[in-house]
Each structure stands twice: as C-alpha cells, then as structure tokens.
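Work through the exercises below with the model open. Each task is followed by its solution.

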Amino acid sequence: MKNLTSKEREQQFHDFRDRYIGVRAACMSVYSSREYPNVSENTAFLFKLGVAIGTGHAGLIQSSVRNCLEIGIKEDDIEAVFQLSIDAVGIPQASSVYAWIREEMARH
C-alpha cells in the first residue's frame with residue numbers, strides 16, 4: 001500500500017464517509033447522553049481525542065479533531081487536551097501530534 005498524500009487521505013475519508021454514511025452515524029451515536037448521562041457530548045469527544053493522541057496514529061487523531069470541530073468544540077478546548085497529553089506521549093511525539101492537530105484545524 002502506497003503512502004497517501006494529505007489530499008489523497010482527505011479524499012479517501014470523504015469517499016468512505018459518503019459511501020458508508022450509516023456506519024459513521026452509528027459511530028457518532030455511541031456518545032449519546034442516554035447511554036452516558038454523567039458525561040456531556042463535548043466531554044466524550046474530548047476524551048476520545050485524548051485516547052487518539054495516546055495511540056499516536058495521525059489518522060485517528062485527525063479524525064477525532066474533525067469530529068470535535070463538527071459538533072462545535074472550540075479549538076482552545078482541543079488544544080487543552082493536547083497540552084494535557086504532552087507529558088504522557090513525550091515531547092518528540094507531541095510535536096507530531098501538534099502538527100496533525102493544526103493541519104486538521106486549518107482544513108476546517
């Protein structure tokens with residue numbers, strides 16, 4: 001499998017999203033307030049972003065940032081999660097994570 005450019009990855013995401021809209025809707029609904037009454041939707045999405053940052057996978061991190069932005073979470077809140085993760089992932093990984101987050105925010 002070849003390495004995709006940023007534009008190709010973005011197009012691939014949009015193609016997948018458009019083709020499998022039901023899958024995306026099901027994944028997004030996992031965070032409903034009915035299932036987790038003590039956790040707000042924003043908190044759930046920010047928590048998922050923190051988990052994504054911990055994995056170190058660019059695509060997962062960018063997808064989590066995209067999801068946060070789509071539901072109206074502020075960039076400052078996303079950056080706060082990033083700042084809290086720095087000591088857990090280390091400075092070298094944190095610099096990559098920061099670049100991935102900023103790249104996704106710039107697209108939004």
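**Exercise 1.** Classify the relative orientation of α5 and α6 in this predicted model.

*Solution.* Start with the angle: α5 and α6 pack at about 165°, and their axes lie 9 Å apart. Next, apply the cut-off: angles over 145 degrees count as roughly antiparallel. The two helices, α5 and α6, are therefore roughly antiparallel. Last, the handedness: α5 and α6 cross in a right-handed sense.

**Exercise 2.** Find the aromatic pairing and name its geometry.

*Solution.* The count is 1 aromatic pair. Its members are F82 and Y98, with ring centres 5.4 Å apart. Their planes stand at 40°. Planes under 30 degrees apart would be stacked, and over 60 edge-to-face. The F82 and Y98 pair is therefore tilted. Now place the partners: F82 sits in α5 (residues 75-89) and Y98 in α6 (residues 91-107). F82 and Y98 are 16 residues apart, and the pair links distant parts of the chain.

**Exercise 3.** Are F82 and Y98 buried or exposed, or in between?

*Solution.* Take F82: its relative accessible area is 9%. Buried means under 20%, so F82 is buried. Take Y98: its relative accessibility is 38%. That value lies between the cut-offs of 20% and 50%, so Y98 counts as partly exposed.

Key
Residues numbered from 1 in each chain as written. Predicted model: local features only at pLDDT ≥ 70, side-chain atom pairs only at ≥ 80, totals over all residues. Heavy atoms only, no water. Phe/Tyr/Trp six-rings, centres within 6.5 Å; stacked < 30°, edge-to-face > 60°. Helix = DSSP H or I, 4+ residues; strand = E, 2+ residues; numbered from the N terminus. Buried < 20%, exposed > 50% of the residue type's maximum accessible area, 1.4 Å probe, protein only. Axes fitted to C-alpha atoms, helices over the stretch in contact; angles between N-to-C directions. Parallel < 35°, antiparallel > 145°, perpendicular 65-115°, else oblique. Left-handed = near helix turned anticlockwise from the far one by under 90°.
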